[in-house]
Every structure is written in C-alpha cells, then in structure tokens.
Amino acid sequence: MRIGILGAGQLGRMLALAGYPLNMKFSFFDLSGSPTAGVGDIFIDSGKCETQLDAFLDQVDIVTYEFEHLPLELTRKIESKKPLYPSSESIRVCQNRVEEKQLFTRLGIPTPEFRVVESSEELAAAAEELGCPVVAKSVTEGYDGKGQAVLKSADEAEAAWNSIGHPQLIVESFINFSRELSVIAVRSTQDEVAVYPLAENSHHQGILRTSIAPAPDLDPEFEEQAKHYISTLMSELDHIGVLTLELFETEQGLMANEMAPRVHNSGHWTMEGARCSQFENHIRAIAGLPLGCTQARSPTSMLNIIGQAGSIQDLLKLPYTHLHLYGKEERAGRKLGHINICADTYKELCQRTENTYQFLPGSPEFSCSLSKKEKQIP
C-alpha cells in the first residue's frame, strides 16, 4: 500500500519507519518549506499551484497527517480524491479549542469552565468572572506552550492579550491538579479499537520533557474513565487512526484538557515500551490491518531532547537508553529527538532516567509524581 503523509517532520518520519517492515511505501507533502523526514519521496508545497499536490496524490492510495494545523480547504480537497484518515472533521474540531471544549461538554466529558473573548477588555471581564488565576489560550494554532498566558489578576489582561496576539482567545479556569496524564487510543477502518496504558507527563516551559508509562499509582477507576472518554470521542468523530487525549488528574476525577488527532509526543514511549508502537498501530489502522497489542512491556520513560543533543557517545554508552534522533539542527526550544528507557521496576526507572538527564544540556531537574512523593518503590 502507498501511504501519503501531510507534513514531513519527525512524526511523519517515525510513521514511515514503522510502516516499512509492513511493506508500505511512503510519500510526504511538506507545507513548511523545510522538511526533515529524511525518508520517502517528499513533495514541497510552493503555494503557487496544485502541481505538487497532484503529483503527490498520484503516488498514494490513502493519506494521513502528522500535524492537525492544516488548512481545511486542503484536507477537504484531498478527501474528494483519496481516503483521508483521520478525516477533516477530526482536524476541524481538534485545531479549534472552542470546538474541542464544546464537544467535551456535549459528550459529558469534564473539562475546565471556559469563556471565549475577542478583546483585552473581554479577557479582563472573563478573568473576573471565572476567578484568577486563569489560563488564556489562542483558539487556534497554539502548541508546546505557544499562544498561552496565565493571568494572576484581571489587571494582566492587556499584557496577556498583546503577548498572545490572536484575535480570539479561550479563557479557562485554573485547575488544581495533581499531575498531567494522557491516554492514546487507536481505531481501525474495521472498527477495531485498542487503548494504551495512560502516561504521566511532565512539562517545562510549556514543552513536554518526560513521560512515564504506565502512569504509576493510577486509580483503576480513573483509567476506566479515560478509556471511556477517548472511546466516546472516537465514536462521535468516526475517527480512524490514533487519537490522543490530554487530561488533568484531580481529587474529583479526570478533566479533559485538549486532544490531538494523531500520533503524539507522549506516546513515543510505546516504541520500546509497548508490544506494538503508536506509529505501527496508526499505520495498521488506516490500512485496515488488525491492530497490534497495546500492552506495556515494562515501566518506561521517554525523555525529549530539546535544543541541544549533548554527547551522543555518552548517551549511547548507557546500556539502557534507546536513542531516536530526528535529523534536525540544534536550535533553542526545538525537539531534536527522544530517549526511551525501560526498567523492571519504577524505582530502577527513576534512577536510570535521572542519570540520563545529566547528559542532556539545559534540561530541568527530573521530576515525576514518584520523586515528588519521595516514595519507597518496591
């Protein structure tokens, strides 16, 4: 089968690498002008004519994507010519935070109270009404902490509005949460569904730094809640492929933050830590193949390499590291690769992860729920 991928970054690269052993062929349609996938045939969108798009579509049987911030005009045009998985409806909802929140509310999935504002004055009023602190986010295009601001008082509304620079914002109540989690699921064209164990995620300056899976000390009731929420979303959207739902763990239960209609950074642990990775399962799903087992092999951590890669030789000397580099040049805030670490116990996993962090320049101190609680891990 010939698979086309919209976008030519690291997620597209890892999708292709997972699909080649299944005898798949890959072509990429790059909209950034600076593709880094480094595999397959790459078509670069010039924005001036449809020649490249037509050539791309002539080489593929089905199309998927690595990034949801795509022009709906483009995805709908592709859908008129080739099967697109997930569909434009998933893109439409997931690239707009208001649509997302309204969907959560309609389906009975708990989410922070929110308001939509279109001026600094409306932002100040929403902050007063919801009660500070509040989080203001651009309705579209925000990711990795971009397009966001935390307001500790309504007096900060004008500065926050100007810093985000977007004509419409969503303002959310600040949630008292114990940790951030994510659940990743996959649904095939044959309506088969599989769900991965939840991951615990730690962020620094808005960018994911570490994921640990399966999330330690997770209440089984919360795990069932997460599975129910994501299964409900996939059914409602008729979603084919991988879907990711980010969650807050609170004393009252789980609250939905946002979702992504694609393979996700918090699921990179599955490459070594699960029986079948999120990338292979996405390819299986859109190609109509049986889904692979989502069971975790062992406690696993994923460490993002941000900005600087450090000494590759030192990282590879560690006997427990699985290194994945994306072929990108170093730049502040840029995701250059990730490291997966597996262990027999969570205690051993924390020790290995903390040790590996020493070799990643500029990384924050390793932190997770286990280290924060200073638990004795068996």
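Predicted model: local features only at pLDDT ≥ 70, side-chain atom pairs only at ≥ 80, totals over all residues.
Residues are numbered from 1 along each chain as its sequence is written, and side-chain values use heavy atoms, with hydrogens and water left out.

Let me begin with the domains, whose bounds come from an automatic or database domain assignment. That assignment gives domain 1 (2–84), domain 2 (113–173) and domain 3 (177–375) for the protein chain. The centres of domain 2 and domain 3, taken over C-alpha atoms, are separated by 28 Å, and their contact, where contact means heavy atoms within 4.5 Å, takes four residues from domain 2 and six residues from domain 3.

Next, the sheets. When I speak of helices (H or I, at least four residues) and strands (E, at least two), I mean DSSP runs numbered from the N terminus, and two strands pair if DSSP finds at least two bridges between them.

Strand 1 (residues 2–6) and strand 4 run parallel and are joined by four bridges, and isoleucine 3 stands opposite isoleucine 62 in strand 4.

Another open sheet of four strands has the order 5-8-6-7, here with antiparallel pairing. Its edge strands, each pairing on one side only, are strand 5 (114–117) and strand 7 (148–151), and the twist averages 20° from one strand to the next. Strand 6 (residues 134–138) runs antiparallel to strand 7 and is joined to it by four bridges; valine 135 has valine 150 in strand 7 as its bridge partner. Helix 6 packs on the sheet, touching strand 5, strand 6, strand 7 and strand 8 (169–173), and its direction makes about 170° with that of strand 5. Helix 7 also packs on the sheet, touching strand 5, strand 6, strand 7 and strand 8, and its direction makes about 170° with that of strand 7.

How do helix 6 and helix 7 meet, and at what angle do they pack? Helix 6 (residues 120–130) and helix 7 (residues 157–164) pack at about 125°, with their axes 8 Å apart, and they are therefore oblique to each other (angles under 35 degrees count as roughly parallel, over 145 as roughly antiparallel, 65 to 115 as roughly perpendicular and the rest as oblique). The contact is made by Ser120, Leu123 and Ala124 of helix 6 together with Ala157, Glu158, Ala160 and Trp161 of helix 7.

Finally, helix 5 (residues 97–106) and helix 8 (residues 220–237) pack at an angle of about 110°, with their axes 11 Å apart, and are therefore roughly perpendicular to each other. Here the contact is made by Leu103, Phe104 and Arg106 of helix 5 and by Leu233, Glu236 and Leu237 of helix 8.

Conventions
Axes fitted to C-alpha atoms, helices over the stretch in contact; angles between N-to-C directions.
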